[in-house]
Structures are given as C-alpha cells and as structure tokens.
Amino acid sequence: MQPSSGTPTEPRRSLGSLLSKVVLDTRPLRYPAYRRLWLSNIVTAVGAQFAAVAVPKQLYDITGSSAYVGIAGVVGLVPLLVFGLWGGAVADTVDRRRLLLVTNSGLAITSVLLWLVAASGLASVWLVLVLFAAQQTFFAVNMPTRGAAIARLIPVHLLPSAQALGSTVFQLGSIVGPLLAGMLLPVAGLPVLYLADALALCAALWAVFRLPPLPPQEGAPKKAGLRAVLDGFRYLALHSVLLASFLLDIVAMVFGMPRALFPEMAERTFGDPPGGGTALGWLFAAIPLGAFCFGVFSGWLHRIARHGVGVTVAVIAWGFAVIGFGLADSLWLAVVFLALGGGADLVSMVYRSAILQAAATDEMRGRIQGVFTVVVAGGPRLADTLHGLAGAALGTTTAVVAGGALVVVGAVVSAALLPAFWRYRAPTEG
C-alpha cells in the first residue's frame, strides 16, 4: 500500500502558514523606495548608537565629571523640543525629499566634525556640546520629515507593518550598537565611532537621494512659521483619536519608564559591585531586547484593525510589566518583566505611529510627527526626573510599582474619557 503523498507535506504547509502569520510582515519592502530607506536604517540604527556612546564618553574623558554628561542631555533635549515642532511644520511646506537630503547631510557633516575633534585630540568640552546640539537640531527636523514621508511611499493599510519593520531595526541597533561600540573603543579608539556613524549616514543619504519627489499637497501651508505650528496643535486638539494616542504615550513613558533607578537597583537589589557590573547592562538591554523579539514575530499586528484597542491594551500590559519588575527579587525575573514591557511598548509604538500617519491628513502629517518627536524625546527624560525624585523619597520598589499602577489607571481613564480612540479602526486594503 502506497503512503499518501500529501501526508509528509501537510505539517510543513501548516508550519509555513503559521509562520507567515506571526513572523515580521515584509510586504512594505516590495516598494523599492521604502525598501531602500529601510535598508539604510539598518546601518544608521547601529551608527546612531555609536554616536550615543561616543558623546558622553568623550565628555567624561575630557572633564572627568558626570555633570558634563548630564549637561549634554539638556543640550540635546532643547533642540529636539524646539526644532521638532518647527521641523514638522517645515516638512508640510516643502518637498520632503529635499528636506531629508538637507538634514541627512547636516547629520553626516556634524559626525565628521566630531570625528575631527576627537581624532585631533582637541579637549574642548564646549565645542563637543555645540556640535552635539547642531546634530540634534538636524535630527529634530529629520525625524518628523521621515515619518511623514513613509505614508507617501506605501499604501496606507501597510503602515502598521512598516512601523513594525522600522521599530524592529531601531531596537536591533539599540542592542547591537552599544555592544559593538564597547568592543571597538579599546581596539580602535573613540574617533572611529564617529567615523562609522558618518559613513552610516552617507548610506542613508544615498537612500534618500533615490526617493521620488515628495512635494506638499493641496491645502499645505505656504510658510513654516508660528501660525503653522499652532495650527498643528489646534488640529490635534480637534481630533480626539490623535490626542488620545499622545496622551497614552505620555502616561506610559512619564509614569512607567524607571531607567533612572536602574543603577541603584542594579547595586542594591540585584547585587552589582559598587563600580558597576552585569546587572546594570542587563537592565538597560532588557527593554530593547524584548521589543526586538516581539518585532521579529509581529506579523500578526497588521491583522488587527482596532488600533485604538491595541494601543490601550499594550499600554496596560506595559504598566503591569513595570509593576512586575518593581516586585522582582531576582535579576532574571526583572529582565523577563522588562523584556515583556519592551514587547508591549513595541506594539503600542507600531499602532500609535500608524494612527498618526493614517488619521492625519497629508498637509498635517509633518506637524503631527513633530509633536510625536517631542513626546517621544521628552517623555522619558521627564520620567528620569520623576523616578529619580520618587526613588530617593520612597525607595525604588515603591517608586517603580506606583509608577506602573499609575500607567494602568491612566490608560483606563484615558480610554474612558476619549471613547473615539477605543472605537478607532485602521483603514483596510482597498
């Protein structure tokens, strides 16, 4: 009796069908312009982390003081807040491809200048800070422009998949970049990190050069002045779906990002020596590691049309993960909870980004993305201040657990006050 020819292949077909539903959705990569942009992001995600390691290391080497490293955070935040909003308005008034060419060129030039300063041995802390501020200024304009451009490169129903692809690459860079930088520093020296970042930015410049023209569409403002910026805020206030997406992000990040307490918890809770140890590294790596793992298996995200529900549930899950982290008494349990939180944060980010690009009209996308840049940049920094003060006053466990609880409560209250967000459905194909 002959065995059935279909029997051996059925399990393989079932497995292939299952993987196609859960593994990262790559359909946006079928569009050449987006594919080139995404491929360049793989390189720049690592290069950006090189610069993120190099700037504080160079400042500490010059001054021997962590205070100057802290000053760099403020120096970097101010351009993000100011030029993130203005850059979004500019992105709505000019050809976005040209603006990306200008800002990517500016980023590359500042990296080259930082390389020259480091390679020459010039020990000028203020020169490094000025170049860093200039770099963050170009970055603040580049980010909302890039975000607004993506919706013009692919069909709107593929935006969640595109956001998952982009977020996964970013998280991979957050893991691989610092590790490579740590290995390169003792072998090749600090200047090489800046040079590698500059070369990576050249790859992004090539990808932007190959984009099609992205001129402003009908209804776009003629000038990027204060009125255009205020129009963006008025537009946001009148659209509760967009407003709720920002509100939930602020709740999640301000109350639930406990990274300012990682150094103290690594030493006092998880047994690191006073000079630092592996626990601190694991705490900082856990969130991006979890986000990356979830990103690899994010193929199911585009199948859910209720993006408002997805964001709300993901933020609540983030809050519970933070509570679990605060109560954990072992390092590996803490890492697991932070990784789960990172996965929930990736889901929230994918759906929030898709909502911002799909629910906003094209002539407003730049300004909405500008507000998004400010919220994403400012929320965690505000969280550092609040958690630092709360940890000192109440203890790390109480501060972290209370923050996670506030996230859960805040997400539920936000969903109740803005029901349109809970009911929001994403555009579908066709």
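This is a predicted model: local features need pLDDT of at least 70, side-chain atom pairs count only at pLDDT 80 or more; totals for chains, interfaces and linings use all residues.
I started with the nonpolar core, meaning buried Ala, Val, Leu, Ile, Met, Phe, Trp, Tyr and Cys residues joined through side-chain atoms within 4.5 Å. The largest one has 77 residues, and Tyr34, Leu283, Trp318, Phe325 and Ile368 touch the most other members. I took buried as under 20% relative accessible area, exposed as over 50%, and partly exposed as in between (1.4 Å probe, protein chains only). Helix 13 gives the most to this core, twelve residues. Helices here are DSSP runs (H or I, at least four residues), numbered from the N terminus. I also noted that the core draws at least three residues from each of domain 1 (30-214) and domain 2 (223-429), with bounds from an automatic or database domain assignment.

Residues are numbered from 1 along each chain as its sequence is written, and side-chain values use heavy atoms, with hydrogens and water left out.

Next I looked up Tyr34. Leaving out residues up to four places away in sequence, Tyr34 touches Pro28, Leu29, Ile150, Leu153, Ile154, Ala162, Leu165 and Gly166, contact being heavy atoms within 4.5 Å. I then found a second, separate core of 18 residues, with Val55, Leu59, Val125 and Leu193 among them.

On to charges. I searched the whole structure for salt bridges and got four; the cut-off is a side-chain nitrogen of Lys or Arg within 4 Å of a carboxyl oxygen of Asp or Glu.

Arg96 and Asp92 pair at 2.9 Å, N to O. Arg96 is buried at 2% relative accessible area, and Asp92 is buried at 1%.

Asp249 and Arg352 form another, with the closest N and O atoms 3.4 Å apart. This pair links distant parts of the chain, Asp249 in helix 9 (residues 240-256) and Arg352 in helix 13 (residues 331-359), 103 residues apart. Both Asp249 and Arg352 are buried.

Glu264 and Arg268 meet at 3.3 Å, N to O. They sit about one helical turn apart, because they are four residues apart in helix 10 (residues 262-268). Glu264 is partly exposed at 31%, whereas Arg268 is exposed at 67%.

Last, I checked Val82, which lies in helix 3 (residues 66-91) and is partly exposed at 48% relative accessibility.

Notes
Helices (H or I, at least four residues) and strands (E, at least two) are DSSP runs, numbered from the N terminus.
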